[in-house]
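Colleague: I have a new model to look through and would like a short tour. Can we start with the loops?

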Amino acid sequence: MDQYPILNFITQDPHYSDYRPAVGPDGTVVIFERTVFQSGAPAGDTTLYVVDDLGDPDPVVFIPAGGPDQQTRADWCWAANTVAFNGDAQSVWIADGDGTSPWQIGGTNGLNYPAWSPDGATLTVENGSTSAKPRPSNSRIDTSGGIVWANMNGSDADGNALFGGMPAVNPVNDLLVAFAGQPDIANWPKGSHPAPSGYNQDANYIFLNSGNAPVFTSAPLEQGAPIDCYNEQYQGRAPAWSPDGRYVVFESARSGEGYAIYLFDTKNPGKASKQLTDPGYQAQHAKFFPDGTKLALVALQSPGATGTPNGIAWIDISGYLE
């Protein structure tokens, strides 16, 4: 495990399993999901917690009052210092950067993984509602819940519709979205989430759309990924952009040994993605710090051990950047 950046754990409490971090605008605060860990599995409601001193972390509840029982999938808008997250019924909520004044955007049930545009005016969401075509696909909404673009995935180079979710909005070009996607074709591995689409959440590539509204097209992030059939060597989920809009990090189980975080340089698209973590940690859901040289991520508190809780850690990736 020494060949990868050192994991510096922010949370490592065996009584809790922590997941999906989001980093604040000054790089000193991290929020994350926390669930009680009992009998080898998370149990009960999931709630957002916050750490405001990474050197001496003391997790506390992020939203002190007025929030929903379930709080997941947080995304922090650095410009507006506001946090979007999923609440009950997978609806979209917004809170101030200090966790106060939470409110629900009406009509957003079934809209997952809210991702801010850089100016905080709109959100791109994984649309799993019955109105999504295909289902799920990525839609853009304003902060009143109005649809700006119904489908930001569009089609692939062969004209096939694309399932898509887990969107990440480029911080330089807000029409450019990285997402976990797959074409809606007969020979792609099928799943049942959400039924009856056949979408398989374990058989995604990372796609980039063209950014040409209102008719979008998308292509795999990594060159060589075939779109007429699935190749597990390009599997990927949960992308995130670097603050300068150049790099994409994502999680992948392509090694066959478990999930790890990978880094892709969009300015050098012919180069292979760089693996940043050992699969023994099952690392997922990486997010950049504002300086662009560090990542917050999820990792097993006890690497290589099954049935153990997750913690939140950070790594320095400055040596992997050009």
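**Notes on the model**

Modeller: P136 sits in the loop between β11 and β12.

Colleague: How far can I trust the numbers?

Modeller: This is a predicted model, where local features need pLDDT of at least 70 and side-chain atom pairs count only at pLDDT 80 or more, while totals for chains, interfaces and linings use all residues. Residues are numbered from 1 along each chain as its sequence is written, and side-chain values use heavy atoms, with hydrogens and water left out.

Colleague: Back to P136, then. What kind of peptide bond joins R135 and P136?

Modeller: A cis one, with omega at about 5 degrees. K133 and P134 are also joined by a cis peptide bond, and there omega is about -10 degrees. P134 is in the loop between β11 (122-127) and β12 (137-142).

Colleague: Why mention that at all?

Modeller: Most peptide bonds are trans, and most residues other than glycine have a negative phi.

Colleague: Which residues have a positive phi without being glycine?

Modeller: R73 is one, with phi of about 55 degrees, and A89 is another, with phi near 60 degrees. R73 is in strand β6, while A89 is in the loop between β7 (82-86) and β8 (92-96).

Colleague: Is A89 buried or exposed?

Modeller: Exposed, because its relative accessible area is 51%. The cut-offs are under 20% for buried and over 50% for exposed, with partly exposed in between (1.4 Å probe, protein chains only). R73 has 17% relative accessibility, so it counts as buried.

Colleague: What about T72?

Modeller: T72 is in strand β6 too, and it is buried, with a relative accessible area of 12%. Leaving out residues up to four places away in sequence, T72 touches R20, E33, T46, F85 and N86. Contact here means heavy atoms within 4.5 Å.

Colleague: And where is G66?

Modeller: In the loop between β5 (60-61) and β6. G66 counts as exposed because its relative accessibility is 59%. Apart from neighbours within four places in sequence, G66 is in contact with W93 and P102.

Colleague: New topic: pockets. How do you find one?

Modeller: Rolling a probe the size of a water molecule over the atoms shows where empty space is left. A pocket is an open set of points on a 1 Å grid over the protein atoms alone, where a 1.4 Å probe fits and protein lies on both sides within 12 Å along at least five of seven lines; lining residues have an atom within 4 Å of a point. Grid points are joined across faces, edges and corners, and the volume is the space filled by probe spheres set on the points.

Colleague: How much space lies in the largest pocket?

Modeller: About 650 Å³. It is lined by 32 residues, and D75, W76, A240, W241 and K287 are the closest to its centre.

Colleague: Which strand gives the most to that lining?

Modeller: β6, with five residues. Strands that each supply at least two include β2 (16-23), β10 (111-116) and β22 (284-288).

Colleague: Which class of residue is in the lining?

Modeller: The lining of the largest pocket has 25 nonpolar, three polar and four charged residues. Ala, Val, Leu, Ile, Met, Phe, Trp, Tyr, Cys and Pro count as nonpolar, Asp, Glu, Lys and Arg as charged, and the others, Gly among them, as polar.

Colleague: Last topic: aromatic rings. What makes a pair?

Modeller: Rings of Phe, Tyr and Trp (its six-membered ring) pair if their centres lie within 6.5 Å; planes under 30 degrees apart count as stacked, over 60 as edge-to-face and the rest as tilted. By this rule there are twelve aromatic pairs. F179 and F207 form a stacked pair, because their ring centres are 5.7 Å apart and their planes are at 15 degrees. F179 lies in strand β15 (residues 177-183) and F207 in strand β16 (residues 205-209), so the pair ties together parts that are 28 residues apart in sequence.

Colleague: Are F179 and F207 buried or exposed?

Modeller: F179 counts as buried, at 0% relative accessibility, and F207 counts as buried at 0% as well. Ring pairs link F179, W188, Y205, F207, Y230 and Y234 into a cluster.

Terms used:
Helix = DSSP H or I, 4+ residues; strand = E, 2+ residues; numbered from the N terminus.
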